[in-house]
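Please keep the structure in view while reading.

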Amino acid sequence: LAKGGQVKIYRYNGGHTLFDPTVGIIGNSGNAAYTGALVNVPSGVNMIMRGIDLDGYYKNGDASTMVTAAAPLVSIENGGTLELNQRVLLEQNYNTNNGGAVSIAKGGTLMMNQDAQIKDNKTNGEGAGVYMNGTMIASDQVKVWDNKKGEAQNNVYLADKTSVLQIGVND
């Protein structure tokens with residue numbers, strides 16, 4: 001990968017070569033898809049992501065390798081915090097449950113900064129982009145867009161009346 005490049009992690013990489021330096025794929029194309037969360041942020045952990053693309057691989061153009069997951073790409077537990085920064089993209093996850101890209105438990109926090117994006121995720125439940133029982137803080141030029149439940153936009157779902165969505169800078 002080039003310095004400053006983006007690492008891409010697929011839920012399933014069937015049909016790709018074992019190593020492709022142009023997109024940063026390392027994996028075994030013969031493996032069955034993993035359908036759980038790719039990242040779990042447990043209580044007491046503060047995780048920061050930069051320069052990474054988590055791809056659920058549901059929209060790869062080949063129905064024989066399309067993945068339907070049973071979890072979001074990222075799960076944030078009570079007391080966990082995830083900060084998405086520079087060149088972070090959470091995309092193309094199809095979760096049959098709530099939370100296409102991210103699920104935030106009560107007491108969990110998602111912070112999106114700079115140019116972080118959550119796009120093109122799908123769910124049969126609620127919150128195709130973000131399903132939140134906790135807190136989400138978005139600032140700078142972040143985008144949460146084109147996430148769908150069926151054919152309807154379903155970008156952020158506030159599951160609890162105590163959920164907090166803050167947009168902009170907190171002075």
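**Surface patch and interior**

Val156, Leu158, Leu165 and Ile167 form a nonpolar surface patch of about 340 Å². Two elements each give two or more residues to this patch, β20 (156-158) and β21 (164-167); strands are DSSP runs of E with at least two residues, helices runs of H or I with at least four, numbered from the N terminus. Patches are built from residues with over 30% relative accessible area and no salt bridge, joining like charges within 9 Å and nonpolar side chains (Val, Leu, Ile, Met, Phe, Trp, Tyr) within 5 Å. A salt bridge places a side-chain nitrogen of Lys or Arg within 4 Å of a carboxyl oxygen of Asp or Glu. Areas follow the Shrake-Rupley method with a 1.4 Å probe, and for residues only the protein chains shown count as cover.

The model is predicted: local features need pLDDT of at least 70, side-chain atom pairs pLDDT 80 or more, while totals for chains, interfaces and linings use all residues. Residues are numbered from 1 along each chain as its sequence is written, and side-chain values use heavy atoms, without hydrogens and water.

Leu158, in strand β20, is partly exposed because its relative accessibility is 39% (buried is under 20%, exposed over 50%, partly exposed in between; 1.4 Å probe, protein chains only). Thr123, in strand β14 (residues 122-123), is buried, with a relative accessible area of 0%. Beyond its neighbours within four places in sequence, Thr123 is in contact (heavy atoms within 4.5 Å) with residues including Tyr94, Asn97, Lys148 and Asn154.

Overall, the chain has zero helices and 21 strands, and 43% of its 171 residues count as buried.
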